[in-house]
Amino acid sequence: MIKKIARKKCIHIMLVYTGGCNGCDIEVVNAVFSPFYDAEQYNVFLTFNPREADILVVSGCVTKFVEESLRKIYEKIPEPKAVVAVGSCALMGGVYKNIGGDLGTSDFIAGPVENIIPVDVKVPGCAPRPEDIIAGIAKAIHKVVEG
């Protein structure tokens, strides 16, 4: 009951970088922390603790090195939760999808985020605009609050 009331007042997002160029991470941080967009004024905060996160924002192609860690982080986030995949790499592997393999296979890339954990909102782009990231997070908030 207390958690449900608190979630209506304040949403915590956790950003997980799973590989790639880091451009989407910069855009997510700009969308949350920059004075221009300032998602904190709407009580959307960035956290690095999965146990207090409501929304998991994943950026970058999922490398085989971080695949199991991503699953563990997802499992630690309490229900109801939402996952937002940000950027072309998170959605389809981007320019990294064929590294180390032949024609569609890869020795290093585990796949897009939705092959590892369930994805609720997809934000395309390389790198997506902060406005699009904020819109994706807003869609995920509805699932968490109404969950």
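Which residues are buried in helix α2, residues 23-33?

What we have here is a predicted model, in which local features need pLDDT of at least 70 and side-chain atom pairs count only at pLDDT 80 or more, while totals for chains, interfaces and linings use all residues. Residues are numbered from 1 along each chain as its sequence is written, and side-chain values use heavy atoms, with hydrogens and water left out.

Now to the answer: in α2, the buried residues are C24, D25, E27, V28, A31 and V32, where buried means under 20% relative accessible area, exposed means over 50%, and partly exposed is in between, with a 1.4 Å probe and protein chains only. Looking down the axis of α2, these residues fall within an arc of 165°, so they line one face of the helix; the arc is that of the directions from the helix axis to the C-beta atoms. The buried residues of α2 pack against β1 (11-17), β2 (44-47), β3 (55-59), β5 (82-86) and α5 (130-146), and by contact I mean heavy atoms within 4.5 Å.

For orientation, the protein chain has five helices and seven strands, following the pattern α-β-α-β-β-β-α-β-α-β-β-α along the sequence. Helices (H or I, at least four residues) and strands (E, at least two) are DSSP runs, numbered from the N terminus. Of the 147 residues in the protein chain, 43% are buried, and among contacts between residues at least 6 apart in sequence, 77% join residues at least 24 apart.

Let me turn to the sheet. Five strands form an open sheet in the order β2-β1-β3-β5-β7, with parallel pairing; two strands pair if DSSP finds at least two bridges between them. At the edges stand β2 and β7 (121-123), each with a single partner strand, so one side of each is left without a neighbour in the sheet. Neighbouring strands of this sheet are turned by 25° against each other on average, direction ignored. Helix α2 packs on the sheet, touching β1, β2, β3 and β5, and its direction makes about 160° with that of β1; axes are lines fitted to C-alpha atoms, for helices over the stretch in contact, and angles run from 0 to 180 degrees between N-to-C directions.

Within that sheet, five of the five residues of β3 are buried, so this strand is largely enclosed by the rest of the structure. From β3, I55, V57 and S59 point one way and L56 and V58 the other. Five bridges join β1 to β3, and five join β3 to β5.

How do α2 and α5 pack, and at what angle? The angle is about 75°, with the axes 9 Å apart, and that makes α2 roughly perpendicular to α5, a description covering 65 to 115 degrees, where under 35 counts as roughly parallel, over 145 as roughly antiparallel and the rest as oblique. At this meeting place, E27, V28 and A31 in α2 meet P130, I133 and I134 in α5.

Finally, some details of the backbone. The peptide bond from E79 to P80 is cis, with omega near -10°, and P80 lies in the loop between α3 (67-76) and β5. Another cis peptide bond joins C126 and A127, with omega about -20°, and A127 is in the loop between β7 and α5.
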